[in-house]
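Work through the exercises below with the model open. Try each task before you read its solution.

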Amino acid sequence: MAVSVLFRHPSSLEHDTGAHPENARRIVAIERALGERDWLGWDVRLSPAATREQIGRVHPAEHIDRIERLCRRGGGMIDLDTLVSPGSWEAALHAAGGAVAAVDALFEEDGVRCAASLHRPPGHHAEPGQAMGFCLFGNVAIGAAHAIAAHGAQRVLIFDWDVHHGNGTNAIFHERDDVLFCSIHQSPLYPGTGPASDVGRGAGEGYTVNLPVPGGSGDAVFLSHVEHVVRPLARRYAPDLVLLSAGYDAHAEDPLAGCRVTDAGFAGMAALMRATADELAIPLGMVLEGGYDLAALSRSVLVTLEALGAAQAPSVPGVPLDPLALRAQERLAAHWPALA
Ligand SMILES: [Zn+2]
């Protein structure tokens, strides 16, 4: 029987950010919603702490040391948005460790085809040498690097549907072709990176796929990019693993951005990605990023896990080709002729 595994850890509650949109109540709300539904039958486990070696695959030692030192000294501000408390060190280690453990379960355990890592702090803004945007370590990047280093994955697809550009993941894999980083994000918006023209560099040229969309974009635009850009790319790239960098701040009710995605939109994107992983016969992992309206966040995580853990990918009605997705296809054809 196919099993889905969920990693969590109480240290996520000890990363004390004070009066801040990225706070412990996010995890409390998600876990309460899942708990009321018996965790959807998922196998719930405590995540381990990531090791320095695992984190060190994407961050230099000085960065790791700096975060640890600041936490041990009692915490403090890293920038105007990003701060740590004494408990942040353990929280960050387990947030990265959850992504690593999810990847281990997917590659090592028979019957596990789906795993989720639900922790904070989030990770996709953390650059190799710089914490920023509420993020300390690049959790999803650490998971991808682990799949390659420890499990021999040749290619990993990371799809980031957080409303903000995942500049950290983008920077970490910018010059590599063994990770295809694909991000849909509102533009203009924090952190200001991720134009369509940023396609990666050197050996990584073509393996960074940025899909900026205007504020106000909703289900039609997001689903169209998944169906008509991300899925064809995945078929062509033929990854050994797909990781979702899953933020929920593109939700219509989210206070930090201006997109209009609904619960059903997130369920649809999850179903399409579940279908893609099934079609390619590869495992799928989900790593939590942002999402700041507690009710919308917890509902949307729930419907995501429902779709990802379903025995069969829920069917999604035909997704029309949005003009923005068509333009992305045309642009990407230079590197991905199959999209033409
Ligand atoms: Zn975000």
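**Exercise 1.** Leaving aside its neighbours within four places in sequence, which residues is Ile67 in contact with?

Solution. The model is predicted: local features need pLDDT of at least 70, side-chain atom pairs count only at pLDDT 80 or more, and totals for chains, interfaces and linings use all residues. Residues are numbered from 1 along each chain as its sequence is written, and side-chain values use heavy atoms, without hydrogens and water.
- Start with the place: Ile67 belongs to helix α3, residues 61–72. Helices (H or I, at least four residues) and strands (E, at least two) are DSSP runs, numbered from the N terminus.
- Apply the cut-off: contact means heavy atoms within 4.5 Å.
- Read off the partners: Ile78, Trp89, Ala131, Leu136 and Phe137.

**Exercise 2.** Is Ile67 buried or exposed?

Solution. 
- Buried means under 20% relative accessible area, exposed over 50%, partly exposed in between (1.4 Å probe, protein chains only).
- Ile67 has a relative accessible area of 4%, so Ile67 is buried.

**Exercise 3.** What is the strand order of the open sheet of eight strands?

Solution. 
- The order is β2-β1-β5-β10-β9-β6-β7-β8, with parallel pairing. Two strands pair if DSSP finds at least two bridges between them.
- Now the edges: β2 (43–46) and β8 (208–213) each have a single partner strand, so one side of each lacks a neighbour in the sheet.
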